[in-house]
Amino acid sequence: MRFRQRARHRTVAGLTTLLLPLAALVGLAGPAQAATTATATYAKTQDWGTGFEGKWTVKNTGTTAISSWTIEWDFPSGTSVTSAWDADVTNSGTHWTAKNKSWNGSLAAGASVSFGFNGAGSGSPSNCTLNGGSCDGGPTVPGDNAPSAPGTPTASSITDTSVKLSWSAATDDKGVKNYDVLRGGSKVATVTTTSYTDTGLTAGTDYSYTVQARDTADQTGPVSGAVSVHTTGGGTNPPPTGNTVKLGYFTEWGIYGRNYNVKNLVTSGSASKITHINYAFGNVTGGKCAIGDSYADYDKAFTADQAVSGVADTWDQPLRGNFNQLRELKAKYPNIKVLWSFGGWTWSGGFGEAAKNPAAFAQSCYDLVEDPRWADVFDGIDIDWEYPNACGLTCDTSGAAAYKNLMQALRAKFGTNNLVTAATTADGTSGGKVDAADYAGAAQYVDWYNVMTYDFFGAFDADGPTAPHSPLTSYSGIPQAGFTTADAIAKFKSKGVPASKLLVGIGFYGRGWTGVTQDAPGGTATGPAPGTYEPGNEDYKVLKTSCPVTGTIAGTAYAHCGSNWWSYDTPTTIGTKMAWAKTQGLRGAFFWEFSGDTSNGELVSAINSGLN
């Protein structure tokens, strides 16, 4: 779930890819031993007019490992690198040099690595060398082969009548000239870039797209993989099966510094407007589910004024803590279901070990959730693995099938009388986190996915550009294509996950920068804005008065006050998102987390009214 940072990794799906022609790739230095064993290709992944984002990819095409790499190139005057990640980039005038970091220099045979940078100007690189040799992998021009297949397109900005497609570039020994865009196997456009917006479509209709590259000799290569698109509108989105879900996360640690107790759900009026609570978090360690904070969970004694029942806990009662308070809440609001959520940003590192023996993990979780002391409190389990076969706080390498296997084991153990749900990535990019694991295969075992459609952007990129952390749709100048709510939901649908198993996510907090002079998104910054509990992060209940909204973009509000710049959702923008969720046929919505709301539950009320 959201606590700590997330979605900070630039999983770039190229928008405008440039494969440098051979003439531009001839090295200035003489042939070197690495020249025939590796290639370096460049892609301009974003272009916002006055600047751009670029990416270099080094691939080991030889049969032995490479221990380090250095790329050198020239930019024309007026074009420069302003910031970079995953490589050390320096320059001497217009000549630029990028060297590997300590952790990404070694490349096994067939392996590749990328680094990115933000740039100013509009020029393209030339005179590229890799480890002193030619970036095309050899000192001579090979035969004119057909181009490779481009990457499978990613669909974004889906409307009733249009869709934007983006794909990673094909490769060719003499250069790619253009791409044919195929809809249902028939060509609808030829473009020179790696993106295309198809218009004139029919609302509520299914389409399939592929892409095919053509080289400078007009040879076409194989078609890419296909992406399925369902346009919005048309009244064809099926209604959700079962009751609409309105789910909030309650954090076990909120009872400490935040002084937010289960009783606050009652006094705020929120308890009467929700259907489910995810209690966060249980730990995942040693391949098992485990208690997160025993004192908060079942030991802390609440006073009469803190308790849902209005009766103080006693020293000898069988169950105290948050679990007993949730029991009292369910007695007062019997419609509410409570799930115990395991993992989260901090404790997801344990899932790799758990995935080695899914049945044993499922048994440990069942034994803990169904412990006789609190079995009546919980109605199921929620898995918050950040992220299967990808990187969050730590990196997981358990394989694409591990997630499905884990969810299958949990369903088999918990049966059909318990809920089994999961929080998931919202990375809608091609080759991103959704593609890394079998979310489609696992969907048959879960009641729904909580798609974490927030934290797309924030001050974990300390110098900006400023951007809304939870955009509903794309917009001109967005720092990363595919990082929107609409893209995430479309991605899951294209995988075959039913809309009725998807919840849209809302953050009850904002993300912000300081040192910002520009009111509109896209400004530069000097670091994270001050926050009560975490730099760059603040609750909605604080921001609504300390930094009121000055504008909206892509369905999310933003605020510029002094030198600080924040983005956050308001009752108005939540209303827009809930209306959108209904047009998509989604099961409902969830939020992180209760304590960020006002004392009278403004945001919970907006979710409730928006989904009714």
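**Note on the predicted model**

1. Strands β1 and β2 (residues 51-60) pair in the antiparallel sense, and nine bridges join them. Pairing here requires at least two DSSP bridges between two strands. Within this pair, Ala40 faces Val58 of β2. Strands (E, at least two residues) and helices (H or I, at least four) are DSSP runs numbered from the N terminus.

2. The model is a predicted one, in which local features need pLDDT of at least 70 and side-chain atom pairs count only at pLDDT 80 or more, while totals for chains, interfaces and linings use all residues. Residue numbers start from 1 along each chain as its sequence is written, and side-chain values rest on heavy atoms, without hydrogens or water.

3. The β1-β2 pair belongs to an open, antiparallel sheet of four strands, ordered β1-β2-β7-β4. Its edges are formed by β1 (38-47) and β4 (80-85), each of which pairs on one side only. On average, neighbouring strands of the sheet are turned by 30 degrees against each other, direction ignored; the axes are lines fitted to C-alpha atoms, and angles run from 0 to 180 degrees between N-to-C directions.

4. Over the chain as a whole, the secondary structure amounts to 14 helices and 32 strands. The radius of gyration is 26 Å, close to the 25 Å that the globule rule gives for 612 residues, so the chain is as compact as a globular protein of that length. That radius is taken over C-alpha atoms, and the rule is 2.2 Å times the number of residues to the power 0.38. Of the 612 residues, 58% are buried, that is, under 20% relative accessible area with a 1.4 Å probe and protein chains only, as against over 50% for exposed and in between for partly exposed.

5. Helix α11 (residues 485-495) is mostly covered, with eight of its eleven residues buried. Among them are Asp487 and Lys491, as well as Ile489 and Phe492. At the start of α11, the backbone nitrogen of Ala486 has a side-chain oxygen of Thr484 within 3.5 Å. Gly496 follows the helix and has a positive phi, near 100 degrees.

6. Thr94 lies in the loop between β5 (87-92) and β6 (95-100). Its relative accessible area is 39%, so Thr94 is partly exposed. Apart from neighbours within four places in sequence, Thr94 contacts Trp73, Asp74, Phe75 and Ser77, a contact being heavy atoms within 4.5 Å. Pro125 is 31 residues away from Thr94 along the chain, with 10.0 Å between their C-alpha atoms.

Key: Polar contact = N/O pair within 3.5 Å; in protein donor to acceptor, adjacent residues only side chain to side chain.
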